[in-house]
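Student: I've just opened this one. Can you walk me through it?

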2 protein chains.
Amino acid sequence: MVVRELSDADADRIFHALADATRRDIIARVAREGLSVSALAQHYPMSFAAVQKHVAVLHRAGLVHKERRGREQVVQARPATLRRAIELLEAYERIWRQRVDGIDRLLAEE
Amino acid sequence: MVVRELSDADADRIFHALADATRRDIIARVAREGLSVSALAQHYPMSFAAVQKHVAVLHRAGLVHKERRGREQVVQARPATLRRAIELLEAYERIWRQRVDGIDRLLAEE
DNA sequence: GTAACGTACAACCAAATGGTTGTACGTGAG
DNA sequence: CTCACGTACAACCATTTGGTTGTACGTTAC
């Protein structure tokens, strides 16, 4: 995923990727250090293929990056995408804050 | 949803709720001002029942709050929940930053 | 060279999702 | 009072999701 402006589809993919505890845990693990898919798989009570699918979801969302190293595929975090998601949520928060500020200003003017 | 500490299930619900463009748009609209479900429904190319379901998803996630007013049900934003989601993502970001800081410090010590 | 390892991917399945229509019910306007 | 409005919810359907197993293939260790 190219990370310029967040399209609706991009946001869909990012939030959907975050909406699963296993995937959030994968993000936390690879944020510390890059890990191979099989190394990741050892931590979860599911098949290798299932973990591989979770990584694929994170990859499609642009939250991780895969880099071949020998016969392993090292999964690494892409914090820039996470930042985009945070900024999007903060934009919604700002809309709400504007409204409250508007009310406050209105009250102050009385 | 009570907003103390965010359980995995809470985070699942919140991010799942955010993973849909219609629901994100509903959040933006009700952030400006409370709106009845039918008022919301007019803006989307789908049935009233479909919009009602989207609102229910947002409600279960704690992102909106419903308040009966006469025969209408006014949907309002609950920014505190949004804030929790942002903080959760920032926690992941911090983990990554720690690692980078660690590397920086290591390089600086050489 | 060969066997084991790490990965990729297809096929399959149950459950959840996102939409529909139809029915029922309380409330407020006229 | 009555009827239209706003809501709630069940039943249904197609698609997606999250898991499984099985097969195939490149790479590395020995």
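**Where chain B meets chain A**

Student: How many salt bridges are there between chain B and chain A?
Tutor: The count is eight salt bridges. Each is a side-chain nitrogen of Lys or Arg within 4 Å of a carboxyl oxygen of Asp or Glu. One of them joins B:D8 to A:R24, with the closest N and O atoms 3.8 Å apart.

Student: What should I know about the model?
Tutor: It is predicted: local features need pLDDT of at least 70, side-chain atom pairs need pLDDT 80 or more, and totals for chains, interfaces and linings use all residues. Residues are numbered from 1 along each chain, chains are lettered from A in the order written, and side-chain values use heavy atoms, without hydrogens or water.

Student: Which helix of chain B gives the most to the side that touches chain A?
Tutor: α5(B), with 12 residues. Helices here are DSSP runs (H or I, at least four residues), numbered from the N terminus.

Student: How much area do chain B and chain A bury between them?
Tutor: About 2800 Å², 66% of it on carbon and sulfur atoms. That is accessible area (1.4 Å probe) lost on being put together, summed over both parts. In chain B, B:R24, B:L89 and B:Y92 lose the most to chain A, together 22% of what that side buries.

Student: New topic. What caps the N-terminal end of α2(A)?
Tutor: A:D20 does, with a side-chain oxygen 2.9 Å from the backbone nitrogen of A:T22.

Student: And which residues of α2(A) are buried?
Tutor: Among them are A:T22, A:R24, A:I26 and A:V30. Buried means under 20% relative accessible area (1.4 Å probe, protein chains only).

How values were computed
Buried area = accessible area lost by both parts, 1.4 Å probe. Helix = DSSP H or I, 4+ residues; strand = E, 2+ residues; numbered from the N terminus. Buried < 20%, exposed > 50% of the residue type's maximum accessible area, 1.4 Å probe, protein only. Polar contact = N/O pair within 3.5 Å; in protein donor to acceptor, adjacent residues only side chain to side chain.
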